[in-house]
Amino acid sequence: QPIPVNGAHRSTPMSLAWVAGSVRAKALARRRLGRTAIRELAASSTTESALHMLTGSAYGRDVRPGLTVEQAQHAVRAALLWQLRVLAGWQPRAGAELVRRLAAWYEIANVEEQFRRFAGEPAEPAYELGALATSWRRLATCAGPAQLREALASSPWGDPGGDGSYAVRLAMRLIWAQRVAALSPLLVPWAAGAAT
C-alpha cells in the first residue's frame, strides 16, 4: 500500500522504504534477549558471567569480558544506540525522525557527562550519535556551562533557563518527554515516567 503524504499517495519508493524499515525493526526485535535470558542474566553470580552471556548476544558489539559494572552498562546502552542508528538508516525520513526523537535521551546523557568534565570529575565517554544527533556536534565543543546554555538556547532544545547542571538536565528531559509523547498517545505514560 502506498503511504499517504500530505493528502496524496506517494509512489512505490516511499512504500518500499517503510517496508524495509519495518523488516529491519522486526529483525532487531528478534535479536533481543527475551525474558528467559534476562532472568538468567539477572541471576548471574558474577559480573564476568553476566558479561560472558552478553558477549554472545546483540550487545556483544560493545560488551566484552573484563569490564566493570559501570563500563558494561555504558556498553549495553552504546550497543542499543548502534542498533537505533542502523534502524534509522533503513527508515524513510519520517521514520528516521521518529528514531531521532527517541534516541535524544543519549544526547541528554552526553550533556550530563559533559557537566562532569566541566567540574573536573571522571566522566563516561560520549555516545556516538551520528545522524541521530539533535545538536550534539555543537554542544560537544562547549568549554563551560555558560557556553553550553547559549548553544542549547539556539538549538531545538531551547533555553534551559539557567546554566547549572540541574536546570539543564531538567529542561532537556522535559523537552525530550514532550517530543516523545507527541509521537503517540501510547507513549505518554512511558515518556512521563522517564522524565520523572
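## Helices and overall layout

Helices here are DSSP runs (H or I) of at least four residues, numbered from the N terminus. By that naming, Gln114 is found in helix H5. The model is a predicted one.

The protein has nine helices and two strands. Along the sequence they follow the pattern β-β-α-α-α-α-α-α-α-α-α. The C-alpha trace spans about 55 × 45 × 30 Å along its principal axes. Of the 196 residues, 34% count as buried. Among contacts between residues at least 6 apart in sequence, 46% join residues at least 24 apart.

## The nonpolar cores

The largest nonpolar core has 33 residues, and the members that touch the most other members are Val111, Leu139 and Trp157. At least two residues of this core come from each of the helices H4 (69-89), H5 (93-118), H6 (136-139), H7 (145-153), H8 (165-181) and H9 (188-195). H5 gives the most, with nine residues. In soluble globular proteins, nonpolar side chains tend to be buried together.

Leu139 shows how parts of the chain meet in this region. With neighbours within four places in sequence left aside, Leu139 is in contact with Glu107, Val111, Gln114, Leu148, Ala151, Leu152 and Trp157. There is also a second, separate core of six residues, with Leu51, Leu54, Leu67 and Ala72 among them.

Is Gln114 buried or exposed? Its relative accessible area is 4%, which is under the 20% cut-off, so Gln114 counts as buried.

The side chain of Gln114 reaches the backbone oxygen of Ala140 at 3.5 Å.

Two packed helices are described by the angle between their axes and the distance between the axes. For H8 and H9, the axes come within 8 Å and cross at roughly 170°. An angle over 145 degrees counts as roughly antiparallel, and therefore H8 and H9 are described in that way. On the H8 side the contact is made by Arg173, Leu174, Trp176, Ala177, Val180 and Ala181, and on the H9 side by Val188, Trp190, Ala191, Ala194 and Ala195. Ten of the residues in this contact are nonpolar, none is polar and one is charged.

H8 also packs with H5, at an angle of about 175° and with the axes 9 Å apart. H5 and H8 are therefore roughly antiparallel as well. From H5, the residues that meet H8 are Arg101, Leu102, Ala104, Trp105, Glu107, Ile108, Val111, Glu112 and Phe115; from H8, their partners are Ser165, Val168, Arg169, Met172, Arg173, Trp176, Arg179 and Val180. The residues of this contact divide into ten nonpolar, one polar and six charged.

## His74 in helix H4

His74 is found in helix H4. At 11% relative accessibility, His74 counts as buried. Beyond residues up to four places away in sequence, His74 touches Glu124, Pro125 and Tyr127.

Arg30 and His74 are 44 residues apart in sequence, and their C-alpha atoms are 22 Å apart in space.

## Two loop residues

Asp62 has its place in the loop between helix H3 (47-55) and H4. The side chain of Asp62 makes a polar contact with the side chain of Arg61 at 3.2 Å. A polar atom of the Asp62 side chain also lies 3.4 Å from the backbone nitrogen of Ala79. Which residues does Asp62 contact, leaving aside its neighbours within four places in sequence? They are Leu67, Ala75, Ala78 and Ala79.

Ser155 lies in the loop between H7 and H8. Its relative accessible area is 15%, so Ser155 is buried. A polar atom of the Ser155 side chain is 2.7 Å from the backbone oxygen of Leu152. The C-alpha atom of Ser155 is separated by 24 Å from that of Ser184, a residue 29 places away along the chain.

Note on methods: Residues numbered from 1 in each chain as written. Predicted model: local features only at pLDDT ≥ 70, side-chain atom pairs only at ≥ 80, totals over all residues. Heavy atoms only, no water. Core = buried A, V, L, I, M, F, W, Y, C linked by side-chain atoms within 4.5 Å. Buried < 20%, exposed > 50% of the residue type's maximum accessible area, 1.4 Å probe, protein only. Contact = heavy atoms within 4.5 Å. Polar contact = N/O pair within 3.5 Å; in protein donor to acceptor, adjacent residues only side chain to side chain. Axes fitted to C-alpha atoms, helices over the stretch in contact; angles between N-to-C directions. Parallel < 35°, antiparallel > 145°, perpendicular 65-115°, else oblique. Nonpolar A, V, L, I, M, F, W, Y, C, P; charged D, E, K, R; others polar.
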